[in-house]
Amino acid sequence: MNGLFAGGVLLAVLVALVQLFAGDQDVASATIQAMFSAADLAVEVCLGLIGVLTLWSGLFRLAERSQLADRVALAVAPVLGRLMPGVGHHPETLGPVTMNLSANMLGLDNAATPLGLKAMEALQKHNPKPDTATDSQIMFLVMNTSSVTLLPVTVMMYRAQQGAANPADIYLPLLMATTASTFVGVWLTARLQGIRLSHPLIMAVAAAWLGLLGLGAVAALAMPGADAARFSGVAGSVILLLVVATFIGAGLRAGLNIYDTFIEGASEGFQMAIKLIPYLVAMLVLIAMLRACGALDLLLEGVRWLVALTGADSRFVDALPVALLKPLSGSGARAMMIEVMQTHGVDSLAGRMAAVMQGSTETTLYVLAVYFGSSGIVRIRYALWCGLAADIAGLCTAVLASYLFFG
């Protein structure tokens, strides 16, 4: 991030000076104005997120305290045991692994990272070569960076904050993209590890999930574009309403004080929104400078020209910066998503595609550095390439699914 930020700012200054000497008298002032405007925008975005972050942090605390995540973990444990055979010899490690992946599936971002560190620590206890990643650790990391997110609340929050007519209309395309990421990552890793994916349980789960998504895709294909987007929005909204009811019901079943537990979690959401401000300021300022000086537009026009030579639809190029930043920096990709929404409109094809890209996969390099670094692993073997392959699959599917629903 140090190199990305410093290098990007210096590049923007250099391009602005070149443009100035080339005769553009306004480029320097425009770049400065963009820098200040982006800083103000970052604060406005974060303040606008306070309400929604507070709401969902409170609801997620109910899911944690009611042990809903624990029950989800028990449900997925049989499948994970077959994808990670090494864990079968040490059953005590399966709990932290399933808890982390379940937290990711439920959108419990605050709980997912500490649970992931605990899971990697548990896997490391049985590692015969502490400096080298085991097969189970690699599979765990790939599933973590590409895991299916059933509740992409964060992306919907940003769309709501930017004034989307229906923040949930990206739900089905996003599910398709994150499913492609997971399936490709798991398939490639299993192939390298010699794991048999044709087990009846694995095949049944995969077939059921793909069947549901297939029905959604068929329904979208049979509808006009506007109706397909509306269908995705209705489906996403209904699912979210059912999730809220499930969280409340789980809390009541566990005998929790629903109100007090909600308030406890909600207070953390407020603090989280404030903590986002400096990170978002840094990345939005960088992106605004690159766009104002012309560097970003020059890059995108070059890519657009190359795509046009092939005769392909080049509208995806407007959202491409999100895809380029996603494996490198979560904050950078998030800032770029907001910038695309601001520039092209939150409900434009580019704005929706940027949101789908943002939710399609995790920040692979960051997760790899944090999870393996915390356990002292320096020989990562093929973990990076499997993670990046999953990223590419998810991002490509994000483009195709966005065209299907919104193109």
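## Helices α16 and α18

The axes of α16 and α18 approach within 9 Å and cross at roughly 145°, the axes being lines fitted to C-alpha atoms over the stretch in contact, with angles from 0 to 180 degrees between N-to-C directions. The model is predicted, with local features requiring pLDDT of at least 70 and side-chain atom pairs pLDDT 80 or more, while totals for chains, interfaces and linings use all residues. Residues are numbered from 1 along each chain as its sequence is written, and side-chain values use heavy atoms, without hydrogens and water. Helices are DSSP runs (H or I, at least four residues), numbered from the N terminus.

The crossing of α16 with α18 is right-handed, that is, the near helix is turned clockwise from the far one by less than a right angle. In contact (heavy atoms within 4.5 Å) are Leu349, Arg352, Met353, Val356, Met357 and Ser360 of α16 with Gly394, Leu395, Ala398, Val399, Ser402, Tyr403 and Phe406 of α18. This contact comprises nine nonpolar, three polar and one charged residues; Ala, Val, Leu, Ile, Met, Phe, Trp, Tyr, Cys and Pro count as nonpolar, Asp, Glu, Lys and Arg as charged, and the others, Gly among them, as polar.

## Packing of α9

Helix α9 packs on α18 (residues 383–406) at about 150°, with the axes 7 Å apart. α9 is therefore roughly antiparallel to α18, a term for angles over 145 degrees. Their crossing is right-handed, and the contact of α9 with α18 has 16 nonpolar, five polar and one charged residues. Among the residues that meet are Met176, Val184 and Leu188 in α9 and Ala390, Ala401 and Phe405 in α18.

The axes of α9 and α16 (residues 349–360) come within 8 Å, crossing at roughly 35°. Pro173, Leu174, Ala177, Thr178 and Ser181 of α9 contact Ala355, Val356, Gly359 and Ser360 of α16. Five of these residues are nonpolar, four polar and none charged.

## The second largest pocket

The second largest pocket holds about 740 Å³ of space. A pocket is an open set of points on a 1 Å grid over the protein atoms alone, where a 1.4 Å probe fits, with protein on both sides within 12 Å along at least five of seven lines; lining residues have an atom within 4 Å of a point. Points are joined across faces, edges and corners, and the volume is the space filled by probe spheres set on them.

Of the 21 lining residues, Val79, Leu83, Thr182, Phe183 and Val205 lie nearest the centre of the pocket. At least two lining residues come from each of α3 (68–83), α5 (94–105), α9 (171–193) and α10 (200–221). The lining has 19 nonpolar, two polar and no charged residues.

Notes
Angles under 35 degrees count as roughly parallel, over 145 as roughly antiparallel, 65 to 115 as roughly perpendicular and the rest as oblique.
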